[in-house]
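I opened the model and kept a notebook. The entries below follow the order in which I looked things up.

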Amino acid sequence: MDYHTRTAALTIVLLAATSCGAAAQTNEPIKIAVGVDSAYVSLYLSKQDKLFEKHGVNVELIQFAQGGDALDAVAAGQAPMGGAAEPTTLIRAARTDIKVIGIYGQSGSYIKFVAKAGISDPTQLKKVGVVPGSVSEFSTDLMLAKFNIDPKSVELVKAGPPEFPALLARGDVDGYFLWEPWPTNGVKQGGKILLSSGEVGYTYNMWLSANGAWLAGHQTEAKSVLGALAEACEIVRADPSKGATAVQAEAKIPAATALEALKEVQCVVRDFTDADMATYEKIAAFLAKRKITPGKIDLGKVIQRGFYTK
């Protein structure tokens with residue numbers, strides 16, 4: 001084999017190796033960080049029913065105890081995409097490049113305030129449990145305002161969601177605003193449902209977010225993920241039991257419990273409306289007022305209106 005023949009052969013081998021490497025990189029799964037509750041039903045069902053594959057994307061779900069941990073993973077570069085509600089996401093977007101590309105669920109009744117026995121009115125509250133910087137704290141703030149309760153008269157007890165049912169049972173808190181299954185678990189500890197977030201003026205949106213740098217080069221893949229979630233939501237709306245089965249498989253929540261929770265969750269994938277933006281402005285102002293963020297977040301840089309289209 002002469003020099004030119006050997007060179008040509010080597011070039012072919014190198015091109016083949018490069019091609020294989022590129023293909024391998026393309027097939028790397030898109031890691032999506034999620035929490036563990038029924039609000040993530042569209043993501044769970046998309047995995048269980050292989051809807052991600054149907055829409056042309058290779059996805060790996062990474063589970064965390066709550067949405068805040070999931071968005072921390074996006075902020076830290078552990079996952080290019082993640083899901084959580086508005087306050088949780090905006091806190092992370094204040095310190096890193098996170099873009100919100102669509103809504104995949106909403107509810108005004110899924111987040112509830114559970115109170116201990118003997119509490120029949122919010123004005124009786126002295127110690128309220130909150131998950132800092134989350135929909136839990138935001139809903140609590142709205143409740144205090146709605147019932148003209150002086151914030152200085154109420155002690156905010158900060159902890160993680162799984163801790164509150166036990167804190168309620170021990171009397172360490174009078175109540176707490178949280179998403180399911182923690183209100184139901186609180187009821188099992190002797191508590192009672194006093195309010196929903198909708199009754200104090202808040203209907204949460206679950207946001208799908210992406211690392212800004214990653215999104216710049218993967219818009220097609222991100223839209224395909226939203227397409228899979230949209231199809232999953234169609235299935236859940238038509239047959240909630242399928243969603244409950246997926247929640248049980250992925251989050252280890254009993255199907256019967258998940259099915260009850262899904263009655264309060266509107267599984268829908270959509271773009272952002274003017275009414276949404278008005279609510280988000282209130283959340284951004286709340287976070288800045290509480291000094292949870294350095295200042296009021298510029299929503300125009302975070303919310304990608306028009307990214308999702310049916």
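This is a predicted model: local features need pLDDT of at least 70, side-chain atom pairs count only at pLDDT 80 or more; totals for chains, interfaces and linings use all residues.

**Entry 1: alanine 75.** I started at alanine 75, which sits in helix H4. Helices here are DSSP runs of H or I with at least four residues, strands are runs of E with at least two, and both are numbered from the N terminus. Residues are numbered from 1 along each chain as its sequence is written, and side-chain values use heavy atoms, with hydrogens and water left out.

Which residues does alanine 75 touch, not counting those up to four places away in sequence? I found Arg92, Arg95, Thr96 and Ile98. Contact means heavy atoms within 4.5 Å. I also checked threonine 89, 14 residues apart from alanine 75 along the chain. Their C-alpha atoms are separated by 9.8 Å.

**Entry 2: H4 and H5.** I looked next at how H4 packs on H5. Their axes come within 9 Å and cross at roughly 25°. Axes are lines fitted to C-alpha atoms, for helices over the stretch in contact, and angles run from 0 to 180 degrees between N-to-C directions. H4 and H5 are therefore roughly parallel to each other. The angle classes are: under 35 degrees roughly parallel, over 145 roughly antiparallel, 65 to 115 roughly perpendicular, the rest oblique. H4 passes H5 in a right-handed crossing; that term applies if the near helix is turned clockwise from the far one by less than a right angle, and anticlockwise is left-handed.

Gly67, Gly68, Leu71, Asp72 and Ala75 of H4 make the contact with Thr88, Thr89 and Arg92 of H5. By class I have two nonpolar, four polar and two charged residues. Nonpolar covers Ala, Val, Leu, Ile, Met, Phe, Trp, Tyr, Cys and Pro; charged covers Asp, Glu, Lys and Arg; the others, Gly among them, are polar.

**Entry 3: H13 and its partners.** H5 also packs on helix H13 (residues 274-289), at an angle of about 60° and with axes 10 Å apart. That makes H5 oblique to H13. The crossing is right-handed. From H5 I listed Glu86, Pro87, Leu90 and Ile91; from H13, Tyr280, Ile283, Ala284 and Leu287. Seven of these contact residues are nonpolar, none is polar and one is charged.

Helix H6 (residues 135-146) packs on H13 at about 95°, with the axes 11 Å apart. That makes H6 roughly perpendicular to H13. Glu137, Phe138 and Asp141 in H6 meet Lys282, Ile283 and Phe286 in H13. This contact has three nonpolar, no polar and three charged residues.

**Entry 4: second largest pocket.** How much space lies in the second largest pocket? I read about 240 Å³. A pocket is an open set of points on a 1 Å grid over the protein atoms alone, where a 1.4 Å probe fits, with protein on both sides within 12 Å along at least five of seven lines; lining residues have an atom within 4 Å of a point. Grid points are joined across faces, edges and corners, and the volume is the space filled by probe spheres set on the points.

The lining has 20 residues, and Gly67, Ala85, Thr88, Val135 and Trp179 lie nearest the centre. H4 (67-75), strand S3 (81-85), H5 (86-93) and strand S10 (204-211) each supply at least two lining residues. The lining splits into 12 nonpolar, six polar and two charged residues.

**Entry 5: backbone.** The peptide bond from glutamate 180 to proline 181 is cis, with omega near 10°.
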